[in-house]
Amino acid sequence: MAKQTLGFSPTVFRKKFRSGMSERKYRDNEIIFSQGDVADAVFYIQSGTVKLTVAATRRKKAIIAVLLRGGFFGEGCLGGQTHRIYTARSIGQANITRLQKESTIRLLKRDPQFAELFVAYLLSRIIRIEDDLVDQFFNFSEKRLARVLLLFGQIIKESKPEHPLKVSQATLAEMVGTTRARVSRFMNQFKKKGFVNYNGGLQINSELILGFLESRPMSVKK
């Protein structure tokens with residue numbers, strides 16, 4: 001899952017894009033755009049968290065990324081993508097800036113500093129996706145779950161939600177690429193080890209999880 005904070009404030013965007021941008025606040029679990037929608041803008045996360053999901057059928061879907069504050073998404077329109085290939089939805093409250101496609105293309109051409117930062121972000125996304133693919137092919141589901149929990153620990157730290165974060169085991173299973181039953185078994189083990197706790201919501205001990213990951217070498221087994 002990708003994270004790279006560029007730190008563009010709404011004021012900076014208004015100066016760079018003028019009328020080519022807009023801002024909106026989203027409630028928890030609100031759709032920003034849906035798979036199949038026309039791709040005509042790039043989005044930037046001023047605050048909050050966004051998840052990207054792909055649905056192959058009504059019952060079969062996968063979470064392909066969870067993005068934190070400072071992340072771009074929807075950038076496929078800049079490369080010729082005409083329709084969205086995934087759905088973007090908020091996790092908790094989020095403040096999102098919408099950048100018109102044409103305005104973004106013009107800015108990338110005339111503003112080398114913005115273009116450099118934008119390309120650096122995209123490269124970080126590629127690296128993160130490659131890491132996730134390696135994880136899917138070569139690491140235990142238990143280790144993949146630990147990495148996902150670290151991500152949610154970062155979300156809690158970044159967003160500082162007013163209410164405890166609640167993440168279903170079904171969501172964790174989608175992100176890890178395994179069954180809900182296996183996630184349930186791993187989470188029970190993690191709770192006994194003090195990695196996680198449930199006190200009205202998910203609480204994560206990132207330090208213990210990091211130690212666990214460092215002690216587990218990459219595996220070629222599932």
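Colleague: Is Glu30 buried or exposed, and with what relative accessible area?
Modeller: This is a predicted model, in which local features need a pLDDT of at least 70 and side-chain atom pairs count only at pLDDT 80 or more, while totals for chains, interfaces and linings use all residues. Residues are numbered from 1 along each chain as its sequence is written, and side-chain values use heavy atoms, with hydrogens and water left out. Glu30 is found in the loop between S1 and S2, helices (H or I, at least four residues) and strands (E, at least two) being DSSP runs numbered from the N terminus. Because buried means under 20% relative accessible area, exposed over 50% and partly exposed in between (1.4 Å probe, protein chains only), Glu30 counts as buried, with a relative accessible area of 12%.

Colleague: With which side chain does the side chain of Arg24 make a polar contact?
Modeller: Arg24 lies in strand S1 and is partly exposed, with a relative accessible area of 41%. Leaving out residues up to four places away in sequence, Arg24 touches Ala94, Asn95 and Ile96 as well as Glu30, a contact being heavy atoms within 4.5 Å. A polar contact is a pair of N or O atoms within 3.5 Å, where within protein one must be able to donate a hydrogen and the other to accept it, and residues adjacent in sequence count only if both atoms are side-chain atoms. The partner of the Arg24 side chain, at 2.3 Å, is the side chain of Glu30.

Colleague: How far apart are the C-alpha atoms of Arg24 and Ile96?
Modeller: Arg24 and Ile96 are 72 residues apart along the chain, yet Ile96 is among the residues that Arg24 touches. Their C-alpha atoms are separated by 5.5 Å.

Colleague: Within what arc do the buried residues of H1 fall?
Modeller: The buried residues in question are Phe13, Lys16 and Phe17. Seen down the axis of H1, they line one face of the helix, because the arc within which they fall, taken over the directions from the helix axis to the C-beta atoms, is 80 degrees.

Colleague: What is the distance between the end C-alpha atoms of helix H6?
Modeller: The expected span of a helix is 1.5 Å times one less than its number of residues, so the 14 residues of H6 (residues 180-193) should span 20 Å. The model agrees with this expectation, since the end C-alpha atoms of H6 are apart by 20 Å.

Colleague: Which exposed residues does the face of H6 turned away from its buried side carry?
Modeller: The buried residues of H6 are Val183, Phe186, Met187 and Phe190. They cover an arc of only 105 degrees around the axis, which puts them on the same side of H6. The face turned away from that side carries the exposed residues Ala181 and Lys192.

Colleague: How far from a polar atom of the side chain of Thr104 does the backbone oxygen of Gln100 lie?
Modeller: Thr104 lies in helix H2 (residues 101-110) and is buried, with a relative accessible area of 1%. Not counting residues up to four places away in sequence, Thr104 touches Phe17, Val42, Leu78 and Leu99. The backbone oxygen of Gln100 lies from a polar atom of its side chain at 2.9 Å.
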